[in-house]
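This briefing covers a structure with its sequence. The points are grouped by topic.

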Amino acid sequence: MNSRNPNRRGFLKRGAALAGLAVGAMPFARAQSLPGAAADERPPKDLSYGERSRFENSVRTVTLGGPRDIIPGLPAGEMGQRLTPLQDSTGIITPSSLHFMTGRGSRLPDIDPREHRLMIHGMVDRPLVFTMEELKRLPSVSRIHFIECAGNSGMSHYKAMVKGIEVANSPALTKSTFVIQQVHGRVSTSEWTGVLLSVLLKEAGVQKNASWLVAEGADSNRHSKSIPLEKGMDDVIVAYSQNGEAVRPEQGYPLRMVVPGWEGVSNVKYLRSIKVVDTPYYLKVETANYTNMTPDGKASWYEFQVGPKSLITFPSDAHQLPGRGLFEISGLAWSGRGAISRVEVSTNGGKTWKDAQLQQPVFRKAFTRFRLGWNWDGEETLIQSRCTNEFGDVQPTMRQLGKLWGDKREPPIAGSDVETFWQTAPIMEFFSNPIQPWKVGRDGSVQDALYKS
Amino acid sequence: MRFIRASLFLPATVLAMCGAAMAQSPTYKVGRPPTEAELRAWDNVVGPDGKELPQGSGSAKEGAKVYAGKCSFCHGQNGTEGPAPRLIGGVDSLSTRNPVLTLGSFWPYATTVWDYINRSMPRDAEGSLTPDQVYAVTAYLLYKNDIIKEADVLDAKTLLKVQMPNRFGFFPAKPEAAAKNGNWKPNWNQAKPASR
C-alpha cells in the first residue's frame, strides 16, 4: 500500500532541510557527516530484468466494492481494476507496471504470441490474417498517448471508495485510500509502438460503403467495440510495444488497439479481429453501459472523446504538508482533442489564477506535466487547476458540468450540493472532467473538496 | 480523326486509374487470406442486422431451464435478486429518481442481448452455450420482461423483429453524427432525443 506515512516522513525530512537552509542554521559539520552509499548486503539477486529499490512502495490499488467482492462463489482470476497512483507520478510517462487497467469481467489472458493472429475482414477487398511477426515487418510508429476510462473521476467511484472503507471498517484502508487514486486513477500515459490501423485497412482494401469497424479481443469475455472508420483511418495504433518493451499482459499482450483521445473502452486489448462494417453494432459496452443518462431518462451514446482535464497531483489528498513555505505545485493535464495549450492554477479558491509552466515538448492527446512554485502562508485555502486545449476548450467546474448534463435548475445544484445532484441523476457518470479543488488545512492536511464539499 | 481517338483514349485511362485507386491495391503484400474455418470461428460478433446469427432456435420454455442451470447462480432465481446485474423489470423507471437499468428496460436492441450472452456468458464458461441455448435463454429473458410471449420462438429471423421498449431512448438518433463530432462536449445539450 502506498501509505500516507512514508510520504509524510519523506516530506518532513525535506521540510526540515528546507527550513534549515531558510534560516541559514544548517551546521556545516552535520552536512559533512552525510552518509555515503551503503552496499546492498542481501544475497545477490538476478539483475537481468531490473526492479525498483526496496524503499519504493508506490502501487496500483484495486477498486473497492467491485463485482468480485459481491459474487463470492465465482472462481478467482478476474482481472478487476487497478488504479494508477497519480499522487506519486513525475513527468508524463506512467511506468507500465503502474498503468491503470480494467478487465471488465475477463480473466487475465495468457497468450503465446506465436499463436496470436489478427484478422481484418468484413467489407474489404482482401480479408487478411497477420501473425505478430508479419505485423512487425510493417512500417511502425511510436507515439505518446494517454488512455482514460470514460468512467474516471465519476461520483460512483467516490461513493464506492467511501462504502469500501465503511464495509472494511479499516483505519488502515482509510489512510491508504485517496481520491487522487481511487477516483481519478483510471488514466495513464505510455509511449505506444505499433502499426497504424490505416496501414492494415489499406492493405486489405476498404470497400466504398464501409463506415464503421468492430474490434474484438481474445480475452475471456470477448470485449468488443464499434469504432467509426474515419477514426480508424486517422490515428489508431495497433500496438505491440509499451514504453520500449512488449505490451504488458494486463495491457493486452501481445496486441492491443490504442485509440488516441477516446474513451478507454475503445482501446480493445488482446486484439484479434477487426471487421469493417456499415453500421455501429450496438454492443453491450456502447448501449447498456458507457452511455450517459440525463434526468429525463434519455441516454447519450457514442460520445468517444475525452474532454480537457487537469489535476494537481502534488499536493493532493495523499500528501501532508510539513509546514508553511515553498512548495512546487505539480500536476497533469490532458485532452482528447489536440494538445494542452494552457494550465492555470489558483491557490486562493479561484479568486486569481496564474499560468503554470508546461513541460516541453507538449504532445497531443498525452499527459502534459505542469508546475508552479507556491509559497504557502500556512492558512487554510483551496488549490485547483484548469486547463485549455489548443482549440480553446476549457475544463469546466462541476457546476458547469451539471448544467451541461441537463441539470436545468437555477442555480444548478451541482457544485453547491453535489451529493443531491447525483442522487437525482445517479448515472450521469461518464466523461467527467470537472476542476478538482483540494483543501489545504492549517495543519498541512490536504483533502478532496470536489465530492466531499 | 486524331482528336476523336485521343478523346476516347483519355477517359479510358482516367477510368482505369480510378479503378486502381478504388481497389486500393496492397502496398506491402504481408499477411494471408483467412481460411473458411477461421472466418466462421471469428466472424461472430452480431450486429443489428443479424447477418452473423447462426441457425438454431429456442423459446422461453426451454430458456427457463437454461437460465436455471447456467445463469441463476449469479443473477438470482428470478433475475432480479443479483448479486450480478439485474435482468428483469424497470420499464418506465428511467426518468424517475431511481432508474432500474435492465436489458428489458434499457437495452435498445435484442441482437445485443443475444450477442452478449453468446460470447460473454456465463462467466468462466464464456462461449459454451449452443446457438439453441442462446436463442432459448434470450427468449426467456425477453418473455420475463414482457417483450415477447412465452410461446414465441426466436431464431435468426424473429430475433430481428423484436421491438425493445427503449429502442428510441438514446441520442443522437444517428450515432454517425456523434462520430463526426469533433468537439469533446457531450452531445446532450445540443441534440434532441430520437423520435419514435
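Predicted model: local features only at pLDDT ≥ 70, side-chain atom pairs only at ≥ 80, totals over all residues.

**Pairing across the chains**

Strand 15 (residues 299–300) of chain A and strand 3 of chain B run parallel and are joined by 2 bridges. In this pairing, A:Ala299 stands opposite B:Phe170, a residue of strand 3 of chain B.

**Interface between chain A and chain B**

- The contact between the chains involves 54 residues of chain B and 69 residues of chain A.
- On the side of chain B that touches chain A, two or more residues come from each of helix 2 (36–42), helix 4 (72–75), helix 5 (110–120), strand 3 (170–171) and helix 8 (175–180).
- Helix 5 of chain B gives the most to this side, namely 5 residues.
- By residue class, the side of chain B that touches chain A has 31 nonpolar, 11 polar and 12 charged residues.

**Nonpolar core**

- The largest nonpolar core contains 141 residues, and A:Val238, B:Val137 and B:Ala139 are those with the most contacts inside it.
- Helix 6 (residues 131–144) of chain B supplies the largest share of this core, with 9 residues.
- From chain A, domain 1 (117–139 + 193–292) and domain 2 (307–448) each provide at least three residues to this core.
- Which residues are in contact with B:Val137, leaving aside its neighbours within four places in sequence? They are B:Gly63, B:Val66, B:Tyr67, B:Cys71 and B:Ile117.

**Chain B as a whole**

- Chain B has 8 helices and 3 strands.
- Read from the N terminus, the order of elements in chain B is α-α-β-α-α-α-α-β-α-β-α.
- Chain B has 196 residues, of which 37% count as buried.
- Among the contacts in chain B with a separation of 6 or more, 55% are between residues 24 or more positions apart.

**Cis peptide bonds**

- Most peptide bonds are trans, and most residues other than glycine have a negative phi.
- In chain A, a cis peptide bond joins A:Tyr253 and A:Pro254, with omega about 5°.
- A:Pro254 is in the loop between strand 11 (245–246) and strand 12 (256–258) of chain A.
- In chain B, a cis peptide bond joins B:Phe171 and B:Pro172, with omega about 0°.
- B:Pro172 is located in the loop between strand 3 and helix 8 of chain B, and both of these elements give two or more residues to the side of chain B that touches chain A.

- A:Tyr270 is a residue other than glycine with a positive phi, near 55°.
- The loop between strand 12 and strand 13 (271–277) of chain A holds A:Tyr270.
- Is A:Tyr270 buried or exposed? A:Tyr270 is buried, because 24 other C-beta atoms lie within 10 Å and the cut-off for a buried residue is 20 or more.
- A:Tyr282, also a residue other than glycine, has a positive phi near 50°.
- A:Tyr282 belongs to the loop between strand 13 and helix 10 (284–287) of chain A.
- A:Tyr282 counts as buried because it has 22 C-beta neighbours inside 10 Å.

Conventions: Residues numbered from 1 in each chain as written. Chains lettered and ligands numbered in written order. Core = buried A, V, L, I, M, F, W, Y, C linked by C-beta atoms within 7 Å. Buried ≥ 20, exposed ≤ 12 C-beta atoms within 10 Å, placed from the backbone. Helix = DSSP H or I, 4+ residues; strand = E, 2+ residues; numbered from the N terminus. Domains from an automatic or database assignment. Contact = placed C-beta atoms within 7 Å. Nonpolar A, V, L, I, M, F, W, Y, C, P; charged D, E, K, R; others polar. Pairing = 2+ DSSP bridges.
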